[in-house]
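I opened my notebook to get to know a new protein, one entry at a time. Come and look along with me.

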Amino acid sequence: MSAGRHRMRSKLRLAAAAATAGVLVVTTGAWFGYRELIQPNCSGEIRLAVAVASELAPAVDAAASQWVKDGAAVGPTCIRVDVSASDPVDVAAVVAAKHGAVLAGVGQASGTAVSPDVWVPDSSTWLLRLKKDATAFAPTNGASIARSPVVVAMPEPIATRLGWPDKKFNWTDLLKQVNSSTPLRTGIVEPTRDAAGLSGLLSLTAAASAAGGDAQRSTVGALRALATGRSSLRNDLLARFPTANDATSIASGLGAAALSEEDVIAYNSKKPPVPLAALYMEPAPMPLDYPYAVLPGIEPSKASAARVLFELLTSPTFRNRLAAQSLRAPDGNWGEGFKAPQGAPSPSGGAPTAPANGGTAAGGLDPAAIQRVVSSWSIATQSGRMLAVIDVSGSMKEQVPSANNRSREEVTVDAARRGLGLFDDSWSIGLWTFSTKLVGNRDYRQLVPIGPLSSQRAQLEGALATIKPSSGDTGLYDTILAAYQAVQEDWQPGRVNSIVLFTDGKNEDDNGLNQQQLLAKLKQLADPERPVQVIMIGIGEGVSKAELESVTKVTGGDVFVTKDPNEIGSIFLSAIARRPPAPR
């Protein structure tokens, strides 16, 4: 069973009954309803594949089933709707692969998942992440068909001690609990693979960065505290809440986790020994908003059927189907039979309302903010072995107007220093600089050999502080080869062994290797049993992306080029986060 939401994995198939098929007329996106004409036979069949987040799938299945029973057709063509309860992370992996992208923390698609015609994940953050990394991904519609607020789930005895249900809770309160000397035992479902976990992480890190003082230290502390209690599967996390109503069990069990309101209702419906309280935090985190995404490339007849199905799923009667699954309507209201958790604000008293942009994906949430948080999480929670190689050629003296005229070198070193703060002590990191003739005729200088951060973090920070641009040129090829040999020589199994190289120019060393010679030597060295990932970060107008990509095509890795040096920090984090998993 894959990560995420697992309460329903069956595939639900619905077929139109030919003898009772009615007629739907769809013109320029408008639904003109059912016609009373009953056809003796269908002239064909449209099969619409709809992948839906597991907890919402029964409601969509029931609505589509009724539609089919009433005679679903476009003109003389019957419609068959195949509704599958699908984990969003599985579909995201398939869609990303289809567009040549890999989402951080998601990994490769499983062999069983397929790309549907319509996808209703639990959160439009999935759509934003895909659009950020796969620029050709352009789904249509994207409006919400359901909603579940993200809450902090907490065992009732702990919540009561903290003032629930009367007290209003904010993220700064929770942050203090997480970073205290006797921290609350917090957990999270892997936020790169779970939308509720990501929503909670976004809110918590925003609170950390706004808390004043050393914002990065506070943020990293929160990330690592959550990382110690993370779970790959939602059911595994739920199983860590107290299983008995005694002080020892409550103290040793999970104390808090970001979950959806629907999760809390479903958990408490099983009458556990210790029920969960749902804490509705301020400011409210991004809810699960269940966007209806028609994926690009489907044929017009399917697109027509998808438009009519969307109308059915946003009709007033669908609200009651949602309530049966403990879900709200997109505007935050609920249908008949919905049992709100204690302390839940009523729709008229502050429940989440529809996004200001009319219900479209994520209500304006910044995709770059999502990427920064995902990247920071990935770095703070993984382990690796890395050699950082920084260009100190003369062109790195150039001033950056958008960074208060600091030099490219200063901006680059600052990005490296901030990135270093995210790596925990399980990493091994080394530091080189390069230009031309830095040490005799050699183009590179080793400042710190690759070694555990646990023993040389201060040495690395001190070395970064000494980096200054030289008057030399860019000795790129000789440096790449030497760095590759150094990382490969002491290659360690079970970890990603990588090089991250920052440069603002092309190779300018006429006395060293040429491009053909470098690539030939790298091909000789490349060993699939001992892979070394090479990540190139190019800065400014003087970089040749094609030149850098010629290297990564041989070694594996990736190339990132930006004209704005201020983007180096976010690119650095993204590059590390998107590395492949360590070989086993």
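**The whole chain.** I began by noting that this is a predicted model. I looked up the secondary structure and found 19 helices and 22 strands in the protein chain. Next I checked burial: 56% of the 584 residues are buried. The accessible surface comes to about 24000 Å², and carbon and sulfur atoms hold 50% of that. I also looked at contacts with a separation of 6 or more, and 78% of them join residues 24 or more positions apart.

**The cores.** Which residues touch the most other members of the largest nonpolar core? I found L279, F423, L431 and I576, in a core of 72 residues. A second, separate core has 62 residues, including A57, A72, V83 and A134. Then I followed up L279: leaving aside neighbours within four places in sequence, L279 is in contact with V151, V152, M154, A159, W164 and F169.

I traced an open sheet of five strands, with mixed pairing and the order β11-β10-β12-β9-β13. Its edge strands are β11 (230-231) and β13 (276-279), and each pairs on one side only. I saw that β9 (residues 150-155) and β13 run antiparallel, joined by four bridges. Within this pair, P155 stands opposite L276 of β13.

**Helices on the sheet.** Which strands does helix α6 (residues 195-209) touch? I noted β9, β10 (186-189) and β12 (256-260), and the direction of α6 makes about 120 degrees with that of β12. Helix α10 (residues 261-268) also packs on the sheet, touching β9, β12 and β13. For α10, the angle with the direction of β12 is about 105 degrees.

How values were computed: Residues are numbered from 1 along each chain as its sequence is written. This is a predicted model: local features need pLDDT of at least 70, side-chain atom pairs count only at pLDDT 80 or more; totals for chains, interfaces and linings use all residues. Side-chain values use heavy atoms; hydrogens and water are left out. Helices (H or I, at least four residues) and strands (E, at least two) are DSSP runs, numbered from the N terminus. Buried means under 20% relative accessible area, exposed over 50%, partly exposed in between (1.4 Å probe, protein chains only). Contact means heavy atoms within 4.5 Å. Accessible areas come from the Shrake-Rupley method with a 1.4 Å probe; for residues, only the protein chains shown count as cover. A nonpolar core is a set of buried Ala, Val, Leu, Ile, Met, Phe, Trp, Tyr and Cys residues joined through side-chain atoms within 4.5 Å. Two strands pair if DSSP finds at least two bridges between them. Axes are lines fitted to C-alpha atoms, for helices over the stretch in contact, and angles run from 0 to 180 degrees between N-to-C directions.
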